[in-house]
Amino acid sequence: MIVVLSRDAVPKEKELVKLYLSDRGFTVRDQHFGDDELLGTSGKGMVDIRELSILPGVERVAATSKPYELASRETKGEDTIVTVGASSSTPVTIGGSRITVIAGPCAVEGRSQIMETAARVRESGAVLLRGGAYKPRTSPYAFQGLGFKGLEYMKEAGEACGMPIVTEVVSSELAVQMKDLVDMFQIGARNMQNFELLKKVGSFGMPVLLKRGPSATIEEWLLSAEYLLASGSSDVVLCERGIRTFETYTRNTLDISAIPVVKGLSHLPVIVDPSHAVGIRAKVSPAALAAIAAGADGLTIEVHPRPDEALSDGPQSLFPEQFERLMRDVEALAPVVGKELLRTPRPAPAGHAGVELSGGKGTVPASGSGSGEKIAFSGESGAYAEQALMRAFGEEAPRLSVPSFGAIFDAVLDGSAAYGVVPVENSLTGTVHENYDLFLRYPDIAIAGELKLRIVHCLIGSPDTEITGVKIVRSHPQGFAQCKDFLDKHPLWKLEACNDTATAVASIAREGAAGMAAIAGEAASRAHGLKILKAGIETNPLNYTRFLVISRRQGRTAPVPSSLGSEKANKASLVFSVSDEPGSLFACLKILSDRGINLSKLESRPIQGKPWEYLFYIDATIPEDPGLFDAALAELKARARDFHFLGTYRASL
Ligand code: PEP
Ligand code: MN
């Protein structure tokens with residue numbers, strides 16, 4: 001059992017709580033977890049938890065049934081998001097809705113090798129650099145690493161490429177010497193139960209990557225994490241790297257099932273090392289993809305510019321080209337499991353901005369900080385747009401909830417939000433015309449970025465509602481449309497449209513009426529404390545919504561938020577109409593096709609107030625030579641009517 005003390009508890013209150021516990025047969029220890037002060041208990045005491053919970057100075061009591069108390073999900077329900085390189089200019093997060101990839105060689109072999117590898121893996125989107133300077137090798141005659149010199153090379157390479165570094169520490173003495181150069185310590189599989197090392201490394205309060213021992217059970221692994229947490233580190237990431245089984249074809253056996261199991265038992269992020277798990281280059285990428293599909297928060301991958309020359313683990317190291325291919329596959333797979341690949345480190349946190357929800361809807365607890373500039377979305381807590389926002393700007397991004405799409409454009413225009421996130425298209429139900437219309441009404445706003453979110457709809461009700469008792473269902477009309485097949489099976493249900501899916505959930509939470517349900521995402525159910533009656537009710541599981549990030553226009557384009565990366569824009573959106581004469585649309589499209597410009601979308605829609613006249617929406621790929629695109633635009637502008645250039649941005653996969 002753990003007692004979390006209130007942040008404003010005074011020493012006298014703390015002493016009284018301790019006395020209360022020891023009087024009832026517990027041994028009490030002082031602990032810290034992140035910024036929280038805790039009292040840990042052991043022994044066979046008996047206590048009335050309700051009475052303990054209301055003692056002055058007590059914030060809450062977590063009664064865990066697990067021996068790993070701090071690591072247990074019973075103690076902390078929400079996922080831990082670990083920040084590595086917090087004080088660097090490129091801090092990286094592990095956990096939450098993003099997939100984080102660590103890459104680098106097995107061992108640092110020299111300055112040029114690590115510099116070259118770092119540059120290659122960074123280019124493909126790795127955000128943390130790995131590499132061993134002190135190598136625990138099975139044979140004493142094998143390459144043992146370059147030691148401290150290797151660490152210095154690695155630090156230099158990490159700084160040159162903007163990547164915090166993670167490296168293995170093999171002894172407490174070395175830990176002290178390495179501390180100032182390392183951003184994240186790795187505890188290797190062979191040292192998972194080196195408890196003195198765990199205590200020492202934990203006491204630094206730095207991020208730690210804890211590998212699973214080759215023969216460790218999940219419980220033993222979590223107890224090792226507990227050592228780190230209990231000694232002072234709250235930033236622990238677990239790494240499954242294969243366990244020893246009777247199978248000899250692969251180096252170890254990747255325990256894929258450990259990923260969902262551990263994520264259920266613990267709030268700590270879990271990443272996977274497929275390189276050491278399978279030990280065979282050709283099998284690394286399939287295993288890596290399986291890990292992502294099973295819910296891993298990231299990967300650590302061995303990459304070498306010339307694996308055949310590697311001094312250690314060459315046979316399992318990927319060529320940089322293979323790593324690039326894997327990253328593209330991970331990027332494509334991520335939305336299927338509701339995640340996004342973190343290809344670019346977030347900008348360094350600067351100051352703190354609380355999270356405001358306008359319109360008298362109260363506030364979402366402020367946590368962490370982003371750039372301090374708010375991002376507007378439409379809906380309440382748990383809305384799909386909020387998920388998209390977190391994906392684009394990070395979980396901690398300060399956000400502004402507004403009641404309509406128009407209010408997003410207003411907030412961006414008047415500066416109360418730096419960016420906005422708006423849905424423009426769903427893969428099942430098509431274009432959200434309202435937002436295209438808003439682009440035309442707000443010419444000073446342009447597109448800055450794009451992302452796609454997989455939409456998994458759930459039927460959500462109050463805790464005492466059963467699906468058989470449902471009579472009224474609330475959602476956004478898009479929610480109804482995307483769940484048509486499911487709703488068709490329940491023809492007696494009365495459908496009530498709401499402004500957005502999360503608002504539908506919130507209204508049910510507020511009214512608490514039995515017989516009512518909402519169609520929305522799992523996050524909305526969680527945010528409003530309701531129950532999922534049925535998950536995955538969308539007609540087709542390949543259900544994606546495309547969101548655009550908008551900002552105030554600066555010339556032809558809008559500034560791109562740093563969290564979306566610095567890759568060159570390769571897509572543009574435009575809207576125009578044409579004169580009512582033969583070949584006028586053809587002539588406009590020919591301007592693009594003559595220059596080899598590909599279109600990824602062409603849609604027409606009636607112009608409001610002008611019956612039988614049409615607007616054409618176009619998404620075009622910007623060719624390598626931007627001059628071609630500029631020339632095409634100039635010509636198109638002269639030829640088309642009502643020409644609107646909505647912006648250029650990096651296409652999401
Ligand atoms: C490593 O990652 O370099 C390593 C030695 O891995 P493990 O401890 O999992 O064998
Ligand atoms: Mn290795």
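**Reading the legends.** Buried means under 20% relative accessible area, exposed means over 50%, and partly exposed lies in between (1.4 Å probe, protein chains only). This is a predicted model, in which local features need pLDDT of at least 70, side-chain atom pairs count only at pLDDT 80 or more, and totals for chains, interfaces and linings use all residues. Residues are numbered from 1 along each chain as its sequence is written, chains are lettered from A and ligands numbered from 1 in the order in which they are written, and side-chain values use heavy atoms, with hydrogens and water left out.

**View 1. Confidence along the chain.** The mean pLDDT of the protein is 91; pLDDT is the predictor's confidence in each residue, from 0 to 100. A value of 70 or more is reached by 96% of the residues. Residues 347–371 have pLDDT below 50. In the model, this stretch has 53 contacts beyond near neighbours in sequence. Contact means heavy atoms within 4.5 Å.

View 2. The manganese ion (ligand 2) has four named protein donors: C106 (SG), H276 (NE2), E302 (OE) and D313 (OD). Donors are N, O and S atoms within 2.8 Å of the metal (3.2 Å for Na, K and Ca); water is not among the atoms, so sites may look incomplete. Along the chain, the donors of the manganese ion follow the spacing C-x169-H-x25-E-x10-D. C106 and E302 link distant parts of the chain, 196 residues apart. C106 sits in the loop between β7 (98–104) and α3 (111–124), whereas E302 belongs to strand β14 (residues 298–302). Helices (H or I, at least four residues) and strands (E, at least two) are DSSP runs, numbered from the N terminus. Both C106 and E302 are buried.

View 3. K135 lies in the loop between β8 (128–130) and α4 (148–161). Where does the side chain of K135 reach? It reaches the backbone oxygen of C106 at 3.3 Å. Such a polar contact is a pair of N or O atoms within 3.5 Å; within protein, one must be able to donate a hydrogen and the other to accept it, and residues adjacent in sequence count only if both atoms are side-chain atoms. K135 is buried but has no salt bridge. A salt bridge is a side-chain nitrogen of Lys or Arg within 4 Å of a carboxyl oxygen of Asp or Glu. The nearest side chain of opposite charge to K135 is E168, 4.9 Å away. Lys and Arg count as positive and Asp and Glu as negative; His and the chain ends are not counted. Leaving out residues up to four places away in sequence, K135 touches C106, A107, R130, F143, Q144, G145 and S312.

**View 4. R98, a buried arginine.** R98 is found in strand β7. R98 is buried and has no salt bridge. Its nearest side chain of opposite charge is E340, at 4.8 Å. The side chain of R98 reaches the backbone oxygen of R391 at 2.2 Å.

**View 5. Salt bridges.** The structure holds 40 salt bridges. K66 pairs with E74, with the closest N and O atoms 3.5 Å apart. K66 is partly exposed, at 24% relative accessible area, and E74 is partly exposed too, at 37%. E309 meets R306 in another salt bridge (3.5 Å, N to O). Here E309 is exposed, at 53%, and R306 is partly exposed, at 34%. The side chains of E522 and R526 also meet in a salt bridge (3.8 Å, N to O). E522 counts as partly exposed, at 45% relative accessibility, while R526 is exposed, at 60%. E522 and R526 both lie in helix α18 (residues 522–527), 4 residues apart, about one turn of the helix. Elsewhere, salt bridges that share partners join E425, E450, R546, K571, K601, E603 and D619 into one network.

View 6. Helix α13 (residues 405–413) is mostly covered, with 7 of its 9 residues buried. Which residues of α13 are buried? They are F405, G406, A407, I408, F409, A411 and V412. These buried residues pack against two strands, β17 (375–378) and β18 (399–402), among other elements. Further partners include β19 (419–426), α14 (433–441), β21 (445–454) and β27 (544–552). Just after α13, G415 takes a positive phi of about 85°.

**View 7. P91 in its loop.** P91 is placed in the loop between β5 (82–84) and β6 (92–94). Why does P91 count as buried? Its relative accessibility is 4%. P91 and V127 are 36 residues apart in sequence. In space, C-alpha to C-alpha, P91 and V127 are 9.1 Å apart.
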